[in-house]
Amino acid sequence: MARIVVLGAGFAGLWAAIGAARKREEIGANDDIEIRLVDRNPYHNIRVRNYEADLDEVALPLPQLLDPIGVSHGIGEVQAIDPARREISLVTSGGAETLDYDRLVLALGSEVMRPAIPGLAEHAFDVDTYTAALRLEDHLVSLGRSAPSPGRSTVVVVGAGFTGIEVAAEMPARLARAGISGSRRIILVDPNPAVGATIGPQARPVIETALAALEVETRLGVRVVSVEAAGMRLSSGEFIPAQTVIWCAGMRASPLAASFPDARDRLGRLLVDPFMRVADVPGVFAAGDVASSVVDGLHPTVMSCQFARPMGRFAGHNVVADLAGQPMLPLRIDWYVTVLDLGGWGALYTEGWDREVRTTGQAAKATKQTINRKRIYPPLTGSREELFAAAAPTVQAPPPAYGAR
């Protein structure tokens, strides 16, 4: 029996596994092709919601999603990939294991970059994973139950990109929910001279207005020198007393992308063709944050679930088609939107690669909630038919822009 291995259960990996099972059933090869998914966790994390206070619905058990469609799954930490031998080295609860494959879909995603700043590893929080998000939430709850002390009600968020802005904008409500009242400070730190440096000139004034309304301070054009239990020191010489430092400064593809020769971009992503095949590596496909594909003849994919989900569906379809000697389908995405959550102020909705502002405030917030709470979820009914229908190798239409200009 031929074996397809999918590494990673994020947005790309989950949909690659479901898409592969869909194609396998379509060609009547259920008895000829095994599909196995491996992840370090037994759940699919709705990662883009990790900045929110309510984490009850952001970890979906894999058995609920994969058992109905005949995809086996296991928990393991990938240590190495040998594309020449088509072998994967894992560490599982039973110890070291080797898993061979006939076809591989690499979907190990990305991780927040953690530079060698003194005290960062010991004292900073992040929302990169579900476990990290839970740790942050427990910390905030614990602060809410403690007596007032220096830095207790101050939160410093490092990185004024998409994630950092969403974390900072959500923080006033999260501190209030944790019972931290009175004089609160939320400070957004970034080495760039402006918040949202990559978001574009049209969107930036909206973000600045929202942060001002939420009383989020900024420290721009400075770098973090050290993180301590009592606070953070900046390159400007300022020391900010804070018991909560949240690191959101940049993302990079999984280090395991380096298992394959050459063909990586500045973010460490593997370059893939329109069929999601890794360049010059037979039998290997990649999707999501670990891969980069030009989708409209000009723009490479962005590290977001907007691209990871269709990349996964096409990779899953194509890996089975390739194994069965059938024609593959090229990925093409002709639209791009961004929806940035701005906490109690609302949200920002832009369209196009120039990020033209379409809606702001509560109208954009409605779109954001539709995306975060409905659109990006797989069917949760356990229905084989619904899962397969959702995994069809197509690209969804853009989300609704309520109250668009």
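This is a short walk through one protein chain, from its overall build down to single residues.

Keep in mind that the model is predicted. Let's start with the whole chain. It has 405 residues. They form 9 helices and 24 strands. The C-alpha atoms fill a box of roughly 65 × 50 × 40 Å along the principal axes. What radius of gyration would a compact globule of 405 residues have? Near 22 Å, and the protein chain has 22 Å, which agrees. Buried residues make up 53% of the chain.

Next, the inside. The largest nonpolar core has 81 residues. Those with the most contacts inside it are L7, I18, L66, I81, I88 and L104.

Which residues does I81 touch, once its neighbours within four places in sequence are set aside? They are L7, E87, Y101, L104, L106, L256, S259 and F260.

Now the strands. A quick reminder first. Strands of a sheet pair through backbone hydrogen bonds, either parallel or antiparallel.

Strand β6 covers residues 77–82, and strand β7 covers 87–92. They run antiparallel, joined by 5 bridges. V78 has L90 in β7 as its bridge partner. The hairpin leaves 4 residues between the two strands. In that turn, R86 has a positive phi of about 55°.

Now a parallel sheet. It is open, with 4 strands in the order β13-β12-β11-β17. Which strands are at the edges? β13, residues 216–220, and β17, residues 244–247; each pairs on one side only. On average, neighbouring strands here are turned by 20° against each other, direction ignored. β12, residues 185–190, pairs with β13 over 5 bridges, in the parallel sense. Within that pairing, L188 stands opposite T218. Helix α5, residues 162–177, lies across β11, β12, β13 and β17. The helix runs at about 170° to β12.

Further along, there is an antiparallel sheet. This one is open too, with 3 strands in the order β22-β23-β24. Its edge strands are β22, residues 337–341, and β24, residues 356–360. Neighbouring strands are again turned by 20° on average, direction ignored. β22 and β23, residues 347–351, are joined by 5 bridges. V337 stands opposite E351 in β23. Helix α8, residues 361–375, lies across β22, β23 and β24. How does α8 run against β23? At about 80°.

Last topic: cysteines. A disulfide is a covalent bond between the sulfur atoms of two cysteines. How many disulfides does the structure hold? The count is 0. The cut-off is 2.5 Å. Turn to C305, and its closest cysteine sulfur is the one in C248, again at 17 Å and too far. Are these two buried or exposed? C248 is buried, with a relative accessible area of 11%. C305 is buried as well, at 12%.

That's the tour.

Technical notes:
Residues are numbered from 1 along each chain as its sequence is written. This is a predicted model: local features need pLDDT of at least 70, side-chain atom pairs count only at pLDDT 80 or more; totals for chains, interfaces and linings use all residues. Side-chain values use heavy atoms; hydrogens and water are left out. Buried means under 20% relative accessible area, exposed over 50%, partly exposed in between (1.4 Å probe, protein chains only). A nonpolar core is a set of buried Ala, Val, Leu, Ile, Met, Phe, Trp, Tyr and Cys residues joined through side-chain atoms within 4.5 Å. Contact means heavy atoms within 4.5 Å. Two strands pair if DSSP finds at least two bridges between them. Axes are lines fitted to C-alpha atoms, for helices over the stretch in contact, and angles run from 0 to 180 degrees between N-to-C directions. The radius of gyration is taken over C-alpha atoms; the globule rule is 2.2 Å times the number of residues to the power 0.38.
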